[in-house]
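Student: I am new to this structure, and I would like to understand the words used to describe it. Could we go through them one at a time?

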Amino acid sequence: MRTTDLPQVRSLRLFESMSEQNFETLMQTAYLQTFPTQLDLITEGDPADFLYVVIEGCVELYARSNSREATMGMVQPVGTFILAAVLKDAVYLMSARTCQKSKILLIPSDNVREAFQADASFTRAIVQELASCYRGVVKEHKNLKLRTAVERLANRLLRYHRDQGANGSLDLPYDKRTLASLLGMTPENLSRAFNTLKPYGVDVDGSFVRLNDTKALETLAKPNPLIDGRDQ
């Protein structure tokens with residue numbers, strides 16, 4: 001890794017509390033690379049050789065079974081993926097590919113496990129990261145189990161609206177096929193869900209969405225901080 005990249009990596013929550021010596025030792029084995037869009041990074045079932053940290057861009061996690069494919073999650077900066085597999089020295093349970101040009105830090109799994117044993121601050125940071133990932137999975141499971149497809153879409157639109165400044169409109173961050181899979185729908189069901197939301201002030205033009213009546217949409221969606229909250 002180039003020495004000019006070290007401050008950016010050092011400032012990440014996962015590494016900021018490590019001792020200087022342990023951080024330098026870990027970074028001697030790491031790579032910081034930029035990947036083009038739609039590049040396969042890992043394949044489910046393969047050994048977990050590296051820990052991946054998304055510094056810039058976005059990575060799609062997905063899985064396949066019985067000729068079906070589903071988006072499992074989207075990793076944006078600054079986020080890790082496959083951390084549990086790295087610590088357990090296990091195989092990947094998901095595949096990953098870039099969905100836009102992305103800068104990603106790769107750290108060999110053996111070195112991550114060595115640092116986990118050697119540096120208490122790094123250990124605590126990893127536990128915090130795993131706890132956040134676990135709670136995110138629980139929230140997503142509740143979202144899928146407790147809401148209809150229309151309610152899931154409504155709440156996701158409200159989230160994107162907040163993230164983009166809450167000015168009455170938003171751009172979908174992913175193509176509609178990916179969004180449908182992320183929300184546990186088929187593309188056809190997503191289209192029907194958008195049509196269902198028209199009376200609630202939702203107008204769609206390609207990837208651009210206008211929310212003409214956010215109060216009505218919130219009444220339908222019933223946002224729940226124990227599902228939708230980022231810091232709960």
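Student: What makes helix 6 and helix 9 oblique to each other?

Tutor: Helix 6 (residues 149-163) and helix 9 (residues 214-221) pack at an angle of about 135°, with their axes 9 Å apart. Angles under 35 degrees count as roughly parallel, over 145 as roughly antiparallel, 65 to 115 as roughly perpendicular and the rest as oblique, so helix 6 and helix 9 are oblique to each other. The axes are lines fitted to C-alpha atoms, for helices over the stretch in contact, and angles run from 0 to 180 degrees between N-to-C directions. Helices themselves are DSSP runs of H or I with at least four residues, strands are runs of E with at least two, and both are numbered from the N terminus.

Tutor: Before we go on, please note that this is a predicted model, in which local features need pLDDT of at least 70 and side-chain atom pairs count only at pLDDT 80 or more, while totals for chains, interfaces and linings use all residues. Residues are numbered from 1 along each chain as its sequence is written, and side-chain values use heavy atoms, with hydrogens and water left out.

Student: Which residues make the contact of helix 6 with helix 9?

Tutor: Contact means heavy atoms within 4.5 Å, and here V150, E151, A154, N155, L158 and H161 of helix 6 meet T214, L217, E218, L220 and A221 of helix 9.

Student: Why is H161 called buried?

Tutor: Buried means under 20% relative accessible area, exposed over 50%, and partly exposed in between (1.4 Å probe, protein chains only). H161, which lies in helix 6, has 7% relative accessibility and therefore counts as buried. Not counting residues up to four places away in sequence, H161 touches A166, N167, G168, S169, L170, L211 and T214.

Student: What makes helix 4 and helix 5 roughly perpendicular to each other?

Tutor: Helix 4 and helix 5 pack at an angle of about 110°, with their axes 6 Å apart, and on the ranges given above they are therefore roughly perpendicular. The contact is made by V112, A115, F116 and A118 of helix 4 together with A120, F122, T123 and I126 of helix 5.

Student: Which residues of helix 4 are buried, and what covers them?

Tutor: In helix 4 (residues 109-118), the buried residues are S109, N111, V112, R113 and A115. Their cover includes helix 2 (20-27), strand 3 (50-56), helix 3 (83-88), strand 8 (102-108) and helix 5 (120-146).

Student: Why does V86 count as buried?

Tutor: V86, in helix 3, has 0% relative accessibility, and so it counts as buried. Leaving aside neighbours within four places in sequence, V86 is in contact with A48, F50, L51, S109, V112 and R113. V86 and A48 are 38 residues apart in sequence, and 5.6 Å apart in space from C-alpha to C-alpha.

Student: How do you know that C58 and C99 are too far apart for a bond?

Tutor: A disulfide is a pair of cysteine sulfur atoms within 2.5 Å. The sulfur of C58 is 3.3 Å from the closest cysteine sulfur, in C99, and is therefore too far for a bond. C133 is in no disulfide either, as the nearest cysteine sulfur, that of C58, is 15 Å away. A search of the whole structure finds zero disulfides.

Student: Why is C58 called buried, and why is C133 called partly exposed?

Tutor: C58 has a relative accessible area of 1%, so C58 is buried. C133 has 34% relative accessibility, so C133 counts as partly exposed.
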